[in-house]
Every structure is written in structure tokens, then in C-alpha cells.
Amino acid sequence: TWIRHYPHFATPRELEVPGGEGDHGGGDKRMLDDIFGEGGQDSLGRAADYIQGAYSILVGAAANESIRTGRVIALTDMVTDLPDLTFPSIPSFGATINYIPNTCRVTS
């Protein structure tokens, strides 16, 4: 499995995505460990809370309704008083982003 990365003003490159054992490239085991076991630290800030999970379900429901009706569907048209989402802060332009070893391998 790989991803083609198209950086601005640079040559595209392919990055190999490491897989794990089991279903969904090892993702199921990680998810189940997070829910029922010793999840450990999430250094990339990927874990979602129940609010983010609810938003995810709403996005899918809105997409299905949009496909069905051909209209743009806003989440606020479906549910009122939605809580604000919180996300990890986005680095400023030009900020250094720390490399996390063993997360990908450049193949070209």
C-alpha cells in the first residue's frame, strides 16, 4: 500500500504505508486495544471522542441525504445545538513538524 505525495514546487514521490497484521492493515487491533485494552499514548493526536464520533456519523447521514435529494445538507439542518469540536492546533506556516520515526518509508 502506498500514497503518492505531491508537494508544492517539488517532485512527487511515493510513500509506502506500513501495514499491520489482521483486518484493515492492523487497524482493528489498534482500535480494539484502545477501547478495551492498554491503548497507550497517541502521539499523533488521532483519537476521537464521542462528540467527534457523532459528527462523523452526521457527515455520513448528510452525505446520504444529499445524494438522495441532490441538495446541499448542512449538519445544523439535521441537528440543533451541536457542541463545538476541538482539534489539535495546526502548526503555523513554516513551522517545523517533528518527524516520527518508522511511520513511513520513501520508495522513490
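Glu 65 touches Gly 70, Arg 71 and Ile 73, once its neighbours within four places in sequence are set aside. Glu 65 itself belongs to helix 2, which covers residues 50-69. This is a predicted model, and here is a short tour of what it shows, from single residues out to the whole chain.

- Is Ile 35 buried or exposed? Ile 35 counts as exposed because its relative accessibility is 52%, and the cut-off for that class is over 50%.
- Helix 1, made of residues 27-36, is where Ile 35 sits.

**Secondary structure**
- The protein chain has three helices and three strands.
- Read from the N terminus, their order is β-β-α-α-α-β.

**The chain as a whole**
- How much of the protein chain is buried? Of its 108 residues, 7% are buried.
- The protein chain has an accessible surface of about 9,600 Å², and carbon and sulfur atoms account for 57% of that area.
- Taking contacts between residues at least 6 apart in sequence, 42% link residues at least 24 apart.

Key:
Residues numbered from 1 in each chain as written. Predicted model: local features only at pLDDT ≥ 70, side-chain atom pairs only at ≥ 80, totals over all residues. Heavy atoms only, no water. Helix = DSSP H or I, 4+ residues; strand = E, 2+ residues; numbered from the N terminus. Buried < 20%, exposed > 50% of the residue type's maximum accessible area, 1.4 Å probe, protein only. Contact = heavy atoms within 4.5 Å. Areas by Shrake-Rupley, 256 points an atom, 1.4 Å probe, with all protein chains shown as cover.
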